Amino acid sequence: MRTRFLIATLLVLVLVLALAPLARADGLPVADASSPAMIGGDGTDGRYVALPTERGTVLARIGSSVYASRLLDGRYTVPVIALDHTASGLSTNGSTLVLISPRRTFPRTRTSFVVLNAKNLHVRRHIVLQGDFSFDALSPDGTRMYLIHYLSRRDPTRYEVRALDVPSGKLLPTPIVDKSEPDERMAGLPITRETTADGRWAYTLYDGAGHEPFVHALNTIDGEAHCIDLEMLAGRQDLYDLRLDLGSGDGGLAVFGGGERLAVINTSDFEPVDAKTIVPEAATADVSSPSRWPVAGLAAAALLVAVGVLFLRSRLRDRQGRVGKPV
């Protein structure tokens with residue numbers, strides 16, 4: 001009876017994963033229990049997904065098959081770092097994966113992370129921080145983690161950016177600020193994220209918490225940041241539909257909305273320009289969200305296999321443990 005119940009429960013969880021939007025449920029300042037996010041590409045290294053179970057968390061690296069899977073003690077999930085469901089936590093060099101404990105309330109008194117070898121899913125270290133944090137970014141080599149530290153028990157738009165040394169598990173002593181405006185406080189919710197191919201720069205569009213929107217440009221290698229105010233976007237009613245695009249070459253970082261380019265940020269001097277003053281290009285970037293159905297179906301099938309393997313291994317260990325025991 002217990003076996004049938006466990007299998008039925010796992011099938012329901014997999015079905016939920018396949019049909020629900022893949023996102024959220026991490027450390028953003030909202031209570032959420034929706035389906036897990038996935039991180040990684042479609043290449044040979046596959047994608048990573050974490051699924052809660054009664055015994056902990058099933059973590060799997062999946063592609064055309066299940067490349068690796070592991071049962072983790074405790075509840076963890078792939079970090080989501082923006083309201084458009086952008087996921088993060090995998091270093092650009094493919095060596096390190098970071099998971100975060102799911103949020104259930106705001107604020108929380110402590111925040112837990114687990115750092116893993118991204119290839120074989122072996123746990124490298126657990127990190128527990130006192131206070132309320134969410135994941136923001138990871139350096140290309142996986143040695144430095146950037147976090148959002150919430151400073152108010154009532155206002156989730158009040159926070160600071162902190163850096164953490166992954167090998168030691170310790171926070172660096174000073175917050176990350178824009179040195180040109182050290183006294184200006186960041187405020188707002190993250191709408192969307194765009195990251196350079198080498199992982200050095202993480203660009204995040206924020207709503208500004210009632211003021212003009214801005215882009216937070218974070219250098220994940222040097223630990224430097226720039227806040228770029230976007231006055232030309234103030235008062236827009238479609239802020240949460242806006243997207244970022246780096247395009248190709250040195251065309252800068254573009255902000256798109258309603259199918260058109262609204263602003264362009266020079267990534268050398270971080271100066272924004274209203275797109276109305278720029279000569280139109282022959283074609284605009286496609287920043288529409290890709291369909292999640294193929295990915296969800298792949299995740300469902302692969303997770304079913306991963307969970308089944310873990311279940312069979314558990315049953316085999318139990319059976320072997322009974323061999324030779326007196327009856």
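In the predicted model, four strands form an open sheet in the order S1-S2-S3-S4, with antiparallel pairing. Strand S1 (38–40) and strand S4 (66–72) are the edge strands, and each pairs on one side only. From one strand to the next, the twist averages 20 degrees. Strands of a sheet pair through backbone hydrogen bonds, either parallel or antiparallel. Within this sheet, strand S3 (residues 56–62) runs antiparallel to S4, and six bridges join the two. Threonine 57 stands opposite leucine 72 of S4.

Strand S17 (residues 253–257) was examined next. This strand is mostly covered, with five of its five residues buried. In a regular strand the side chains alternate between the two faces of the sheet. Both faces of S17 are covered. On one side lie Leu253, Val255 and Gly257, all buried.

S17 has pairing partners in strands S16 and S18. Strand S16 (residues 243–245) pairs with S17 in the antiparallel sense, over three bridges. Here arginine 243 has phenylalanine 256 of S17 as its bridge partner. S17 and S18 form a hairpin, with two residues between the strands. Glycine 258 lies in the turn and has a positive phi of about 60 degrees.

Definitions and conventions
Residues are numbered from 1 along each chain as its sequence is written. This is a predicted model: local features need pLDDT of at least 70, side-chain atom pairs count only at pLDDT 80 or more; totals for chains, interfaces and linings use all residues. Side-chain values use heavy atoms; hydrogens and water are left out. Buried means under 20% relative accessible area, exposed over 50%, partly exposed in between (1.4 Å probe, protein chains only). Two strands pair if DSSP finds at least two bridges between them. Axes are lines fitted to C-alpha atoms, for helices over the stretch in contact, and angles run from 0 to 180 degrees between N-to-C directions.
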